[in-house]
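Subject: Structure handover

Hello,

Here is the structure we talked about. My notes on what turned up follow below.

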Amino acid sequence: SAGEELDGLDGLTRHEICTEPFVMVLPKGATLPAGGFPDPATLPFIRYTLRSSIGRQIERQVSRLGLDLPNRAEFDTATGQLAAVADGMGWSLTTPLCLAQEAHRLEALQVAPMPRGSFTRTMALFGRSDDPGDLAGRIAAELRAILKETVRPRLSAALPWSGDLFSIAGSAPIR
C-alpha cells in the first residue's frame with residue numbers, strides 16, 4: 001500500500017482514497033504472449049526506480065513471480081516510463097492512475113491485465129489526528145469525488161476488463 005510506512009504511527013489518521021490493479025503496458029502492436037509476459041530478450045522490461053514506492057512494490061512482485069528481467073532502463077516517473085514504452089523501447093508494469101496521468105499516450109500503448117500474479121496498490125492520505133478541521137479528511141473526500149466524476153469514467157472506458165480491481169474508497173467498484 002502506498003504510504004504503508006506511515007501506518008501505525010501515533011498522531012496520524014489514514015484516509016483511504018482508492019485501490020487499483022497493476023497492469024502490463026506494451027507498445028501498440030507488440031506481440032503479447034498467450035498467458036505470459038514478454039520475452040525480455042526481444043522486448044526489455046522498463047522499470048520504475050527503486051527510489052519510488054511503486055518501483056519497490058513492482059520489484060517485490062517480479063521477484064515473487066520468479067521473472068528474470070535484466071535492468072535495461074528505469075525511470076523516476078510515469079511520464080518517462082510510459083514515453084519509453086510508447087516509443088517501443090520495451091514493456092512495463094504500471095497502474096491505471098499512472099496511465100490516466102499520461103492519457104495522451106494511450107493511443108501508442110496496449111494495456112493488458114497481468115497474465116498471472118495480479119496485485120494492487122492502495123492509495124491513502126494521512127493527516128494529523130489532532131486537526132480540529134480534519135483538513136486531510138476533507139481533501140480525501142474531494143479526491144474521491146474527482147476520481148468518481150472524472151477519472152473513473154475514463155478508466156472504465158479505457159480498461160473495461162479492470163472491473164472490480166479499481167475501486168474508490170466508500171463506493172462501488174467500476175462496472
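Which residues have the most contacts inside the largest nonpolar core? They are Met24, Ile58, Trp91 and Leu93, in a core of 39 residues. A nonpolar core here is a set of buried Ala, Val, Leu, Ile, Met, Phe, Trp, Tyr and Cys residues joined through side-chain atoms within 4.5 Å. At least two residues of this core come from each of β1 (12-21), β2 (23-27), β3, α1, α2 (78-86), α3, β6 (109-113) and α4.

Before you read on, note that this is a predicted model: local features need pLDDT of at least 70, side-chain atom pairs count only at pLDDT 80 or more, and totals for chains, interfaces and linings use all residues. Residues are numbered from 1 along each chain as its sequence is written, and side-chain values use heavy atoms, with hydrogens and water left out.

Overall layout

The chain has 4 helices and 8 strands. These are DSSP runs, numbered from the N terminus (helices: H or I, at least four residues; strands: E, at least two). Along the sequence the order is β-β-β-α-β-α-β-α-β-β-α-β. Of the 175 residues, 45% are buried. Buried means under 20% relative accessible area, exposed over 50%, and partly exposed in between (1.4 Å probe, protein chains only). Among contacts with a separation of 6 or more, 73% join residues 24 or more positions apart. Contact means heavy atoms within 4.5 Å.

Helix α1 covers residues 53-64. Its 12 residues should span 16 Å at 1.5 Å a residue, and the end C-alpha atoms are 17 Å apart, which agrees. The expected span is 1.5 Å times one less than the number of residues. Ile54, Gly55, Gln57, Ile58, Glu59, Gln61 and Val62 are buried in α1. The buried residues of α1 pack against β3 (46-48), β5 (92-94), α3 (96-101) and β7 (120-128). Glycine 66 follows α1 and has a positive phi, near 70°.

Glycine 55 sits in this helix. Glycine 55 counts as buried because its relative accessibility is 1%. Its contacts beyond four places in sequence are Tyr48, Thr49 and Leu50.

Salt bridges

The whole structure holds 6 salt bridges. The cut-off is a side-chain nitrogen of Lys or Arg within 4 Å of a carboxyl oxygen of Asp or Glu. Three of them:

- Glutamate 59 meets arginine 47 (2.7 Å, N to O). Glutamate 59 is in α1 and arginine 47 in β3, so the pair ties together parts 12 residues apart in sequence. Both residues are buried.
- Arginine 51 meets aspartate 76 (2.7 Å, N to O). Arginine 51 is in the loop between β3 and α1, and aspartate 76 in the loop between β4 (73-75) and α2, so this pair ties together parts 25 residues apart in sequence. Arginine 51 is exposed at 63%, and aspartate 76 is partly exposed at 48%.
- Arginine 14 meets glutamate 16 (2.6 Å, N to O). Arginine 14 is partly exposed at 27%, as is glutamate 16 at 33%.

Histidine 15

Histidine 15 lies in strand β1. Histidine 15 is buried because its relative accessible area is 13%. Among the residues that histidine 15 touches, beyond four places in sequence, are Ala124, Leu125, Asp134 and Ala140.

Best wishes
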